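Hi there,

Here is the structure I promised to pass on. Have a look at it, and then read on for what turned up.

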Amino acid sequence: MHAEANILTISTIDQMQQESARLLDAGKTIAFVPTMGWLHEGHLALMREGRKHGDTLIVSIFVNPTQFGPTEDFQDYPRDLDRDVTLAKSVGVDVIFAPEAKAMYDKAYQTHVDLEMLPRHLCGPSRPGHFRGVATVVTKLFNIVRPQVAFFGEKDYQQLVIIRRMVRDLNLDIRVIGVPTVRESDGLAMSSRNTYLSEEERRSARSLFQSLQQAQDSLAEGITVAGELIHGASEFIGSKPHVQIDYIAICDPETLEDVDRVEGPTLMALAVRVGKTRLIDNAILKPMED
Ligand code: AMP
């Protein structure tokens, strides 16, 4: 009965390393879900999946400063460890690892993990350094937690592709599993940042998912030209109050390079500022079979 078992909260890197060494010595498999906390059903879906794949389920909660730009919401990012521990416990998490930023990055810190091409697309241009911060912290967390299997949401599709590539490139012996996006009843992708939205902004935010659905519908009607699908989405989202489109892209789901036409499973990804909140969403568009 995992839900009733005790949950261990660890805040130092040393203690986490000792606990993982102990678990691995005992022959346990470690499943790992990295998060920034303020947990919602999306995170819990990753944990439920993780529960199925490992003897021990470890979740990290760490608002990683190096993946936020200087004008981004690092200070304001919602945090509540007690609430997160209660939620994690309810889905059978065994260990919460919540390190301090100054322990993860000491004053002389200078090593980073950088990918060449994948971070140049989609969110990369408007979030310089973001994916370098993500790849670096995930590598560090992998080295500290030592999981055999790790879970990432498809909601952050570019992040998932980058982590998969990094794991291959660096020969990390870790299976990466992607988990489908969990949505609110009106389709809005769950996100810790949804908490920033006013009521009116929240209504506008629905347009992200709706535009993805409309693109899929247009595709079913035979519109395969990426530019036309992007134009449709742009007109639709742009008609809502408080929105500013960062990008709408239709691209190869592995390289993230733009495509002109949707000819096989293709990624449609978008980022939109609603008020001050930057939201992202994506879907795999599938053309009709001939
Ligand atoms: P975050 O705390 O935002 O860094 O997210 C931690 C993990 O949860 C990442 O792998 C995200 O992709 C994943 N995640 C966030 N929101 C969702 C969602 N709505 N559905 C599925 N996974 C999600």
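Helix H7 and helix H8 cross in a right-handed sense. This is a predicted model, by the way. H7 covers residues 199-220 and H8 covers residues 226-238; the two pack at an angle of about 145°, and their axes are 9 Å apart. On the H7 side, the residues that meet H8 are Ser 207, Leu 208, Gln 210, Ser 211, Gln 214, Ala 215, Ser 218 and Leu 219, while H8 brings Leu 229, Ala 233, Phe 236 and Ile 237. Sorted by class, that contact has seven nonpolar residues, five polar ones and no charged ones.

H5 runs over residues 130-145 and H6 over residues 157-169, and their axes come within 11 Å and cross at roughly 55°. H5 and H6 are therefore oblique to each other, and H5 passes H6 in a right-handed crossing. From H5, the contact uses Phe 131, Val 134, Ala 135, Val 138, Thr 139 and Phe 142; from H6, it uses Gln 158, Gln 159, Ile 162, Ile 163, Met 166 and Val 167. By class, there are nine nonpolar and three polar residues in the contact of H5 with H6, and no charged ones.

While you are on H5, please also click on Thr 136, which sits in that helix. Is Thr 136 buried or exposed? Its relative accessibility is 2%, so Thr 136 counts as buried. Setting aside residues up to four places away in sequence, Thr 136 touches Tyr 109, Thr 111, His 112 and Val 113.

Next, the aromatic rings. There are six aromatic pairs in the structure. In one of them, the ring centres of Phe 68 and Tyr 77 are 5.9 Å apart and the planes stand at 75°, so this pair is edge-to-face. Phe 68 and Tyr 77 are both buried. Elsewhere, ring pairs join Phe 32, Phe 142 and Phe 152 into a cluster. You have already met Phe 142 as one of the H5 residues in the contact with H6.

Val 59 lies in strand E3, residues 56-61, and at 0% relative accessibility it counts as buried. Val 59 and Phe 97 are 38 residues apart in sequence, yet their C-alpha atoms are 6.1 Å apart in space.

Two backbone angles deserve a look as well. Most residues other than glycine have a negative phi. Leu 122, however, has a positive phi, near 45°. Leu 122 is in the loop between helix H4 (101-104) and H5, and its relative accessible area is 11%, so it is buried. His 242 has a positive phi too, near 70°. The loop that holds His 242 lies between H8 and strand E7 (243-251), and with a relative accessible area of 41%, His 242 is partly exposed.

His 242 takes us back to H7, through Glu 200. Glu 200 is in helix H7 and is partly exposed, at a relative accessible area of 38%. Not counting residues up to four places away in sequence, Glu 200 touches Pro 241 and His 242. Glu 200 and Gly 275 are separated by 75 residues in sequence, and their C-alpha atoms are 9.6 Å apart in space.

Asn 194 has a relative accessible area of 13%, so it is buried. Residues up to four places away in sequence aside, Asn 194 touches Leu 188, Ala 189 and Leu 279.

Technical notes. Residues numbered from 1 in each chain as written. Predicted model: local features only at pLDDT ≥ 70, side-chain atom pairs only at ≥ 80, totals over all residues. Heavy atoms only, no water. Axes fitted to C-alpha atoms, helices over the stretch in contact; angles between N-to-C directions. Helix = DSSP H or I, 4+ residues; strand = E, 2+ residues; numbered from the N terminus. Parallel < 35°, antiparallel > 145°, perpendicular 65-115°, else oblique. Left-handed = near helix turned anticlockwise from the far one by under 90°. Contact = heavy atoms within 4.5 Å. Nonpolar A, V, L, I, M, F, W, Y, C, P; charged D, E, K, R; others polar. Phe/Tyr/Trp six-rings, centres within 6.5 Å; stacked < 30°, edge-to-face > 60°. Buried < 20%, exposed > 50% of the residue type's maximum accessible area, 1.4 Å probe, protein only.
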